[in-house]
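Welcome! Please take a moment to look over the sequence and the model shown here, and then read on about how two of the chains meet.

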Amino acid sequence: MAFTLEELAGRFGGEVIGNAAQRVGSLAPLDQAGPQQLAFLANPKYLAQVDTTRAGAVLISPGDLEKLASREGRNFIVTPNPYAYFARVAQAFIDLAAPKVQPGVHPGASVDASAQIAASAVIGPNVTVEAGVVIGEHVRLDANVFVGRGTRIGAGSHLYPGATIYHGCRIGERAIVHAGAVIGSDGFGFAPDFTGEGEARTGSWVKIPQVGGVSIGPDVEIGANTTIDRGAMADTIIEECVKIDNLVQIGHNCKIGAYTVIAGCVGIAGSTTIGRHCMIGGAVGIAGHVTLADYVIVTAKSGVSKSLKKAGVYTSAFPAVDNADWNKSAALLRNIDKLRDRIRALEAALPAKPQGDA
Amino acid sequence: MAFTLEELAGRFGGEVIGNAAQRVGSLAPLDQAGPQQLAFLANPKYLAQVDTTRAGAVLISPGDLEKLASREGRNFIVTPNPYAYFARVAQAFIDLAAPKVQPGVHPGASVDASAQIAASAVIGPNVTVEAGVVIGEHVRLDANVFVGRGTRIGAGSHLYPGATIYHGCRIGERAIVHAGAVIGSDGFGFAPDFTGEGEARTGSWVKIPQVGGVSIGPDVEIGANTTIDRGAMADTIIEECVKIDNLVQIGHNCKIGAYTVIAGCVGIAGSTTIGRHCMIGGAVGIAGHVTLADYVIVTAKSGVSKSLKKAGVYTSAFPAVDNADWNKSAALLRNIDKLRDRIRALEAALPAKPQGDA
Amino acid sequence: MAFTLEELAGRFGGEVIGNAAQRVGSLAPLDQAGPQQLAFLANPKYLAQVDTTRAGAVLISPGDLEKLASREGRNFIVTPNPYAYFARVAQAFIDLAAPKVQPGVHPGASVDASAQIAASAVIGPNVTVEAGVVIGEHVRLDANVFVGRGTRIGAGSHLYPGATIYHGCRIGERAIVHAGAVIGSDGFGFAPDFTGEGEARTGSWVKIPQVGGVSIGPDVEIGANTTIDRGAMADTIIEECVKIDNLVQIGHNCKIGAYTVIAGCVGIAGSTTIGRHCMIGGAVGIAGHVTLADYVIVTAKSGVSKSLKKAGVYTSAFPAVDNADWNKSAALLRNIDKLRDRIRALEAALPAKPQGDA
């Protein structure tokens, strides 16, 4: 399971400089790699480590290669994006090292007779596949996965243990759905049907049936225990190559644009549209019925309550500071109108008012 | 599966205006509905759509009906709350369309001999039902549900795949518990048992046994991957018709009053009491041991650290703005005491002090 | 299942004052306890309740004992930490009262032939244990638990229903992992491999393989639906006696120091190091690649974006106030630079500038 540099370049691209017959069998950081290992330089601040590395070869960009004092006695694969190259090679090494899993349906699985399951699929123990489900080639459903009636899982997808996909959803090719994720649960919709006020109020919340589904594009990854609700009438939509971290909540009828990444603990309320290539930081909250333009970045812990119509970086979070200092600032903020009033009074007391109102 | 307007009015109330024999078989928005479909007007801003709709009938309030230029050639069901009426009809259409599920216990379920399970209940594959559990009429437990010893599930409840109810809990009638929800996990309680300070500190956290349960009233809905902890000594209580969204955390010994709705990603620490008819916005955090009055509304992303004793709307969240602008404001807030000092100095420098201190 | 005070002192320590042959069989609060019950005084403000309690015995500290007017006719166990003592006794009562579970592997479990399972372990229904797993003495795996290949579970651990432990992880002795928790899911790491800008951007996110594991020390408790990601190359590390509440997210390659407690809904981004004996309040968010010193306390809802190098209490959250008041303060904060400018103008307009700039 070692490759020559020539073999790697044949498979993943890049130009070999040095000994193309050098074999590498695993990956390691520059400062730890040995002669059978492949290292990479993604950040020029580690350039000096290239001079002293013992790695069998180094993935490097053309620009950084130029900066080296000498290439003497070392081997390189030159590629515009060494980090992505590293990721692809690492994935290949892992795939080769992973234990082979036999295709087939575990005897402890419950699979409806009407489900269409590709012969190359792996259906683990205690998996439940309901009527009309379609499972593509090389799909892998780990233990305790549930797939509701009529749902389709695209080729090459991997659903980890305990992932639950409700009925009538569509998962694209090469999806990765981590353990405990729930896709297609009911959106949170209730019609108030109350009369009277206060103590005298009677009535109840009437559930709005959620009859849309969830439609997920290809190459999407969904984190552990993340939840994505089904649409009320139309589908909730996750476009291609969206990457979603753990414990994220996406409300009904949201649309998340392609290539957007969403960090952990984010909550997005219903009917919100996020553009393409957005980056949503950890623990951000986004209100319902708003629209974020393409290339919007929201920094961690911020709250979005209105549409953000232009690409850019948006923030509303404070960094934690000494508690006593914070409490002082917070008290003054609570009374900031009084500071404003005092400024006004000062302005009025001066012979010539210096400036307009805030 | 189509109904005449007369049949609908017989079942759901309301007054038919127009052709009572008109049949409708599904629901659609006003601007998309066809002659066999039922539409509704809940928001007067869409009143003009009623004039042009092709819907077989329109659900409308008496007030909005008055505003129509003409009722000519169209059919109506007049009801004070068209949105709730729509929800009820939609639910009926869905129930009729849903595949019939046979009652009975799936052979792949593990059910303790001492459990009492109504004959009309549906127990799915890989469900575990422990000793002494009582399952009411028409309860449905989907795949991988776990119900711990002595727990009772009220009639008409539906637990979606992978929901876990620990021992000694009580779920009311018609509960809906979505996938991955956990009810009755241990509250977070530990007694510190340490001696010494700093590096020299030794000892450990001693777990406080959590021997209360969770008691959930009728008509409660609990979202996917939401967690509700059991009480330490007494029960955690969720009253009737409370609606809880996904990824909500409710700590031990909380009491959530009837008809309160809690949006996604909310966290409520232990021993907190929330009143009736409250609305808790998404990602709100509420401290432990506080009390919220009836009819309190907390807007999204806010933090509640003290009791809120009066009905009203409460907030502590900022909306995200341009990152550079935010950082400028944040820096000034951090130094707001210096602004205050400069105002003080100005006041002192003026011949007559204009005003008191903030 | 009742103990004499002498027996309790023999097992848990402390000095008996009064009738050492008094038997107690359960625990209750001071004001509710009867003659067969054990109560405790942990907070001196309830000292007066000791004078009137009907409890068979009271756990009390030496200092509080001194403050009693009289010990006449009552029994005590004197211990420096009555609350911790109470917790230990309560745990013992519960263990005695709990139904006996037979060791062994449930016939509905799927256990790989190469797994090593202690004879005293309890493996519940629908549990999946993959190749090479090692399960210690008295481990209990409840229904639907998944343990991936090569993972080790330390003696005395209890994994509640639906907990998922991915491959290659290590769980220490006496761990408690609540329902739905996911340990070892992939860290959130992708290399951007895009070219072009705006509409013309092409390419994709390349997944960085996550080949580290999760290493969890002894006496750790992990809450329901909490997620802990595996490391990218090295392990994510949770040290001994860390207590983690529900719905917490811990990113890849974090290290959480011993005895630290983390409340519900916290999110910690990747490669962050938290010291020993820290207390992280509910819904706190902590950025990636930062370090918190030992004994740091972060109050609920705060956000940490930089390292906190000294022990102390840190905060960045505001308490919710009346919505209209909040909106006024928030608007002034947004324009706080204009207030500053007006102060500057006032300072310039005064004959003698009173003070420097903020």
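The report below looks at the interface of chain A and chain C in this predicted model.

Let us start with the overall contact. Chain A brings 63 residues to it, and chain C brings 72 residues. The size of an interface is often given as the accessible area lost when the parts come together. Here, chain A and chain C bury about 5,700 Å² between them, with 66% of that area on carbon and sulfur atoms.

Polar links also cross the interface. The rule finds 26 residue pairs in polar contact between chain A and chain C, both residues being at pLDDT 80 or more. Several elements of chain A each supply at least two residues to the side that touches chain C, among them helix H4 (82–97), helix H5 (323–334), helix H6 (336–349) and strand E40 (321–322). H4(A) gives the most, with eight residues. By type, the residues on this side of chain A divide as follows.

| Residue type, side of chain A touching chain C | Count |
|---|---|
| Nonpolar | 38 residues |
| Polar | twelve residues |

E40(A) is joined by two bridges to strand E39 (residues 312–315) of chain C, and the two strands run antiparallel. To find this spot in the model, look for Val321(A), whose bridge partner in E39(C) is Thr315(C).

Methods. Residues numbered from 1 in each chain as written. Chains lettered and ligands numbered in written order. Predicted model: local features only at pLDDT ≥ 70, side-chain atom pairs only at ≥ 80, totals over all residues. Heavy atoms only, no water. Contact = heavy atoms within 4.5 Å. Buried area = accessible area lost by both parts, 1.4 Å probe. Polar contact = N/O pair within 3.5 Å; in protein donor to acceptor, adjacent residues only side chain to side chain. Helix = DSSP H or I, 4+ residues; strand = E, 2+ residues; numbered from the N terminus. Nonpolar A, V, L, I, M, F, W, Y, C, P; charged D, E, K, R; others polar. Pairing = 2+ DSSP bridges.
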